[in-house]
Amino acid sequence: MSTVKTINRDAESAEVGAGRPRRDTRSALVMIAPAIIGLVAFVIVPFIAAGYLSLFNVRANSSRPPVWFGLEQYHRILTDPTFYRGLLNNFIFAAVVVPVQTLLALGLALLLNQSLRFMSVFRTFFFMPVVFPMALVAVIWKLIFSRDDLGMLNAFLHAISFGHIPPIDWLGSTTTALLSIIILSIWQGVGFQMIIILAGLQGISKSLYEAAQIDTANRWQQFLNITVPGLRNTLIFVVMVTTIFAFRLFDQVYILTQGGPQNATTTVMYQAVTSAFTENNVGRGAAITVVFFVIVLTITVVQRRLLREDREVA
Amino acid sequence: MRTPTRFKAGAVILSAVALTVTACGTGGGDTSGGATADAGSGTGEIKVWGHQGEEGEVAALQAAVAGFNSSQKGVKATLQLIPSADYTKTVSATSPDQLPDVLEYDGPLMASFAYDKKLAPVEGLVSAQTIGNQTDSVKTQNTYQLDKKLYGVSMYDSGLGVYGNKALLDAAGVTYPKGLGDAWTADQFQTALEKLAAKDPDQKVLDVKENYGGEWPTYGFLPIVNSAGALAIKDNKAEGNLNSAPVVKAVQQFAGWRKFVDPNSDDKAFTDGRVALSWVGHWQYNPYNKALGQKLVVLPLPDFGAGTKSGQGSWAWGIGGSSKNGKAAGLFLDYLLNDSNVTAMTTANAAPPGTKTVIATDPLYKPGGPLQLFADGLSKTCGANPPTTACVATPRPVTPAYPVFSQQFSQAFLNIYKGGDAQAELDKAAKAIDQDFTDNNNYTS
């Protein structure tokens with residue numbers, strides 16, 4: 001919970017901060033030092049290192065010095081159909097997960113924002129999947145998605161259709177594999193967005209709703225004219241974070257499908273990790289992450305610009 | 001909580017940097033093969049790294065180390081166990097001068113470790129008697145083709161076959177082979193599956209351990225490639241071998257059997273009697289025997305044209321490439337490989353012993369024993385030669401490119417198994433493997 005609050009406060013102070021006069025420079029520097037050190041150590045230095053490594057043939061376990069490779073790794077990656085397939089999968093995943101998960105989180109947050117008894121119990125239930133490590137969640141869902149009639153999902157479909165739905169090969173068929181990964185990811189991730197939106201909802205002043213009631217606005221009008229504008233910043237944050245999460249898709253794929261069948265679920269991250277750590281080809285892994293970084297950076301910049309313009313209009 | 005993309009990427013790269021730094025620090029760069037351990041005084045302390053296997057295996061290993069320490073005064077061995085899931089990654093990420101005097105390794109990775117100077121040749125350090133007592137199959141797996149030297153010794157080996165449920169086979173009127181000599185052809189195997197499926201409500205009659213991950217697809221299904229008469233890699237080339245016409249046909253045929261395969265998500269398909277046949281290694285003998293007793297039969301894999309084949313190779317022991325105490329390490333390996341330690345280990349894990357004296361008397365593998373089939377197969381190892389009908393056990397490619405090979409092969413195989421085009425997938429894998437050879441100067445320098 002405390003992280004959620006900080007995040008919101010950050011978002012607000014960032015807005016206000018731009019116009020504030022400069023003062024307390026020294027204490028400001030001290031305060032941002034931990035964040036800056038972290039960024040330099042874990043983002044900037046590794047990024048420069050990746051750029052450097054991607055120009056060499058570097059083997060993870062080799063005692064031989066790296067060999068100069070120039071742009072060969074990039075040439076190979078950019079002419080590799082598997083890489084584009086991974087990128088496409090990433091985009092499909094993001095295109096489905098970002099809207100669906102955000103809407104679902106909004107719906108859940110609205111439901112759980114009522115003052116009923118035991119509400120904290122329900123909130124805990126919906127938040128629980130977020131707390132579980134993805135590795136554990138994926139192993140459980142492997143049993144759910146199993147292709148025989150022992151698979152829980154197949155057994156369930158079999159039972160409710162009185163045996164008319166035959167067992168489906170969820171993870172083994174090119175048509176359903178990515179869908180299965182998407183379903184499990186939404187189930188696991190929705191609680192996180194829900195909690196952020198819930199915090200946003202509680203930040204909307206009750207007096208607005210009371211005023212609206214006096215003006216005889218119905219529930220739907222209240223939602224459109226009070227809740228949605230009040231949540232704008234929160235929703236922008238949720239969409240951006242979900243997009244970034246969607247692009248880092250790895251764990252589920254690694255455990256459930258290893259990118260298969262026929263690359264139906266391969267992702268750029270999966271390819272980077274297997275290149276570097278299974279095939280010991282660190283140079284290629286580094287080059288993939290550099291290309292990917294550029295792509296994700298572009299998307300984030302574009303997204304920010306679009307959303308910011310939106311805000312100015314409003 | 002989850003971290004955004006760039007942090008994950010950062011972590012990947014950061015560890016890569018760490019690896020490179022350590023790699024550069026050791027400043028190799030001279031020519032092929034090549035580490036040699038200092039013989040040292042033959043006394044003092046030695047460090048031993050082993051993988052943490054099953055409980056029984058750990059107990060046997062710990063007893064062997066304790067026995068060694070109390071059997072003599074000159075050398076004191078300290079054992080460090082590392083969880084098996086992380087073991088290979090740990091060795092890969094450790095620079096040669098930080099590796100212990102004695103280390104265990106997973107068989108097919110020997111060439112990669114020898115190339116990276118993480119292992120030293122054992123001849124001259126381990127006694128001639130110990131080496132002479134190694135079975136031919138483990139000797140092949142532990143010999144590095146580039147310099148023809150032996151880089152390790154094995155306590156045990158492995159075997160692969162098809163376990164059958166006699167009651168179900170008989171009920172479906174399926175006749176099955178008596179031994180290696182009359183193995184099913186692939187077509188006969190297919191007919192057997194069809195007959196069994198006709199009697200089975202869900203038509204799932206075969207288990208190929210779909211629930212296993214990691215190294216299994218390479219270990220379990222590479223014999224199909226060899227049984228089609230091809231080496232996966234020949235003269236540092238996969239092109240024209242791994243993707244040759246007979247291999248494509250064999251893998252395609254295997255993929256066609258997927259409709260008969262139980263996904264086995266609970267790992268009980270065979271023990272519960274849901275399937276009549278289970279394609280797996282020696283390590284399932286004890287649980288299967290317990291579940292089926294007299295109904296259990298052990299059969300060879302089907303023959304895809306060049307005779308039935310089986311896997312071979314397992315964990316083995318070598319001497320660290322930068323050891324300063326090679327002689328003492330050799331003394332430890334001599335002790336570890338003695339009959340009583342090998343017997344204790346193979347009793348614990350039911351693996352085929354890697355020494356001639358123990359396999360000859362092992363109750364499971366001796367002539368007439370229930371797993372004689374595996375011992376027979378191992379005694380006819382194909383070695384590094386192209387597989388023919390005259391040999392059975394086939395080692396996984398002994399080359400430093402093995403990590404790439406294994407990743408590419410298992411991915412291609414699973415893709416084909418799930419309906420992908422066999423020719424296209426194998427072409428792609430062969431190309432990636434050959435690329436790795438080219439990038440690394442064929443691993444000759």
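**A helix crossing, up close**

Reply: Let's start in chain A, where α4(A) passes α8(A) in a right-handed crossing. Before we go on, keep in mind that this is a predicted model.

Two packed helices are described by the angle between their axes and the distance between the axes. For our pair, helix α4 covers residues 81-112 of chain A and helix α8 covers residues 177-202. Their axes are 7 Å apart, and the angle is about 45 degrees. That angle makes α4(A) oblique to α8(A). As for what sits in the contact of α4(A) with α8(A), the residues divide into 19 nonpolar, 6 polar and no charged.

Now zoom in on one residue of α4: A:Asn89 lies in this helix of chain A. A:Asn89 has 23 C-beta neighbours inside 10 Å, so it counts as buried. Setting aside neighbours within four places in sequence, A:Asn89 is in contact with A:Leu178, A:Thr265, A:Thr266 and A:Thr267. For a sense of distance, take A:Val290: it is 201 residues from A:Asn89 in sequence, and the two are 18 Å apart in space, C-alpha to C-alpha.

Still in chain A, have a look at helix α12, residues 268-278. Here 10 of the 11 residues are buried, so α12 is largely enclosed by the rest of the structure. Among the buried ones are A:Val268, A:Tyr270, A:Thr274 and A:Phe277. Just after α12(A) comes A:Asn280, with a positive phi of about 60 degrees.

If you take the contacts in chain A with a separation of 6 or more, 69% of them involve residues 24 or more positions apart.

The axes of helix α10 (residues 245-256) and helix α16 (residues 402-417) of chain B come within 8 Å and cross at roughly 50 degrees. These two helices are therefore oblique to each other. On the α10(B) side the residues are B:Val251, B:Gln252 and B:Ala255, and they meet B:Phe413, B:Ile416 and B:Tyr417 in α16(B). Sorted by class, that contact has 5 nonpolar, 1 polar and no charged residues.

Then try helix α3 of chain B, residues 84-93, whose buried residues are B:Tyr87, B:Thr88, B:Val91 and B:Ser92. Look down the axis of α3(B) and those residues fall within an arc of 120 degrees, so they line one face of the helix. The face turned away from that buried side carries the exposed residues B:Ala85 and B:Asp86. Covering the buried residues of α3(B) are, among others, β1, β2, β3 and α4 of chain B.

Last stop: two loop residues of chain B. B:Gln203 is in the loop between α8 and β8 of chain B, and has a positive phi of about 60 degrees although it is not a glycine. With 15 other C-beta atoms within 10 Å, B:Gln203 is partly exposed. B:Asn264 is in the loop between α10 and β9 of chain B, and its phi is a positive value near 55 degrees. B:Asn264 is buried, with 25 other C-beta atoms within 10 Å.

Notes. Residues numbered from 1 in each chain as written. Chains lettered and ligands numbered in written order. Predicted model: local features only at pLDDT ≥ 70, side-chain atom pairs only at ≥ 80, totals over all residues. Axes fitted to C-alpha atoms, helices over the stretch in contact; angles between N-to-C directions. Helix = DSSP H or I, 4+ residues; strand = E, 2+ residues; numbered from the N terminus. Parallel < 35°, antiparallel > 145°, perpendicular 65-115°, else oblique. Left-handed = near helix turned anticlockwise from the far one by under 90°. Nonpolar A, V, L, I, M, F, W, Y, C, P; charged D, E, K, R; others polar. Buried ≥ 20, exposed ≤ 12 C-beta atoms within 10 Å, placed from the backbone. Arc of directions from axis to C-beta. Contact = placed C-beta atoms within 7 Å.
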